[in-house]
Structure formats: C-alpha cells, structure tokens
Amino acid sequence: MARLVLTALLALFVAGQQSHAFYYTNYIKHSSSSASPVTVVDDMTKKMAVFFREDALRVGQTLPFRFPAPVTAPLGFLPRHVADAIPFSSATLPSVLAQLGIAEDSPQAAKMEDTLAMCEAPGLSWEAKFCATSLEALVEGAQGVIGTQDVTEMLSKVPRAGSPRLQAYAVRAVRAVEGSTFVGCHQKEYPYTVYMCHSTGPSRAYEVEMEGTVEGDKVTLLSVCHTETSEWDEDHVAFKLLGTRPGGPPVCHVLPYGHILWAKKNASVSA
C-alpha cells in the first residue's frame, strides 16, 4: 500500500516545491553534513528581505518581498499508518529510492538527501527539533516542545496565486504574539509532505499586515525575531545579509506561505 501511494506522489514531487531554504538553515556547522549553513548569497537574495532587523517592523517602513505561488501535493500528508511504515533516514534512503524508481544521482534524490540530512543534524544546545511525516506527528511534536496539549497553529496569509513580482511592501500594522518561545515548522522537499520543526529559542513573534507598493496586494505575515544568536554559526547567511555577528541585534524573518508557527492556545495578539 505504501509503495502505491508513494508511486502516485512521485510525479508531484518531480514537479518540485517552492523552496525557502534561507528561512531555515542550520545554526551551527557540521563538518560532514550536506545540511551545512548557506554561505553563498545570490543576487535575488540580496534584494529580498530574507532576514531583517526588528526595528524594520514599524508602521510606514517598507521591506522587499516576493511570494511565488506555492506548489503543494493534492494528497497532502500521508495517513499516519502509511507514513510510519516508510523508512525515513539517510541509511535507508537507497531502498526508498529503489522502491520509487528514483535514480540515486537525480535532482529528486538530492532533495530527499538534503531533507534527511537536515532532519538528522543536531541543533543547538537549547533547540528542540523534529521532523514530522504525518499530521498527527506534527501536532504531537509541537505539543511536546511547547509543553502543553493546548496549542494553536498560525500561518501567514498571502494571495492564493502568490505575488511573484519583487516589490516593496509597506508595513500597515504590527501586532505582537504573546509568548517568548515558539515552534516553527518548515515544509521540506520530499515525495510526500514532511515538516522540519524546531523551537525558536528566546524570541519575539509578530503578525504583520503589509501592502504592496506597486500592485497593492495585501498580505499578513508572521515574523519571528530571534533575540539570542550567540551560538549561531558566524557564517550564517543572516549575518552576511545584515552585517552583524553572533550575539548581536535580534535577527528577524517572516514565515512563507505554508510554514507554521505554533504557540500556546489563546495566545493574545496585540498592537
């Protein structure tokens, strides 16, 4: 059964998903891992507000963004019993590739390998981290990290068709989300839906209403500002873009469409 489901999903995976690698790169160096920190900053990334300072979250400020239309699999998560029956580790990747008929030297295999490497790489000393291959595992993982079953998911809101044009977005309203630590979940590239989740550590979260200055499209973005970065790798792309260093000012980023921020249930959102 698992093989039939995975084979059906393969065509969707080959089409690819919108990657947002810069929104979660490893905080620390791993000498033997392919999930090492991103150190190459391309021209598009330099133009976008991939990372920004907390003082940019003020009404009237502008930040450059683009929001490609998300590519999602119609089947979404696999049923838990199916997902749990499929090996999910770097050691078992060759057998999964053979089962799916994916060549080991293909771009699809490389994406799967990168996802597994990121899931298996250790985090910081304070960081709780897990990968979820089913909806049940996603919810239970967030509950375990936050320490309560009363959790709520928060997502950024962008036009369904996306807004792929790079343009300046003006901040119209900023609302703080109650709490000091959250769980961020980022969808990774795999034949079926996989989320890599991690605790944010000491941080502040905001719900930010913005409006495109060119096309006038309106978005509501969740933003997380990491207030403790002293353990981050000095080569982390955020420091390259902001001209800062570990232990410096808070590093902020938005959560793209489809990525999830978990908080305690009924956490207040206030201006």
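Leaving aside neighbours within four places in sequence, which residues is Thr244 in contact with? They are Arg53, Phe239 and Pro249, where contact means heavy atoms within 4.5 Å. This is a predicted model, in which local features need pLDDT of at least 70 and side-chain atom pairs count only at pLDDT 80 or more, while totals for chains, interfaces and linings use all residues. Residues are numbered from 1 along each chain as its sequence is written, and side-chain values use heavy atoms, with hydrogens and water left out.

**Thr244**
- Thr244 lies in the loop between helix H7 (237-242) and strand E9 (251-254); helices (H or I, at least four residues) and strands (E, at least two) are DSSP runs, numbered from the N terminus.
- Thr244 counts as buried because its relative accessibility is 17%; buried means under 20% relative accessible area, exposed over 50%, and partly exposed in between (1.4 Å probe, protein chains only).

**Tyr169**
- Tyr169 belongs to strand E4 (residues 163-177) and, at 0% relative accessibility, counts as buried.
- Beyond its neighbours within four places in sequence, the contacts of Tyr169 include Gln61, Thr62, Leu63, Phe65 and Phe67, as well as Met210, Glu211 and Gly212.
- The Tyr169 side chain makes a polar contact with the side chain of Asp217 at 2.6 Å and another with the side chain of Gln167 at 3.3 Å.
- A polar contact is a pair of N or O atoms within 3.5 Å; within protein, one must be able to donate a hydrogen and the other to accept it, and residues adjacent in sequence count only if both atoms are side-chain atoms.
- From C-alpha to C-alpha, Tyr169 and Glu209 are 9.4 Å apart in space, and 40 residues separate them in sequence.

**Open sheet**
- Five strands, in the order E2-E6-E5-E10-E3, form an open sheet with antiparallel pairing; two strands pair if DSSP finds at least two bridges between them.
- Strand E2 (129-132) and strand E3 (151-155) are at the edges with a single partner strand each, so one side of each has no neighbour in the sheet.
- Antiparallel strands E5 (residues 183-188) and E6 (residues 194-199) are joined by six bridges, and Gln187 stands opposite Tyr195 in E6.

**Helices H4 and H5**
- The axes of H4 (residues 93-100) and H5 (residues 107-120) come within 11 Å and cross at roughly 145 degrees; axes are lines fitted to C-alpha atoms, for helices over the stretch in contact, and angles run from 0 to 180 degrees between N-to-C directions.
- Leu93, Val96, Leu97 and Leu100 in H4 meet Ala109, Met112, Glu113 and Leu116 in H5.
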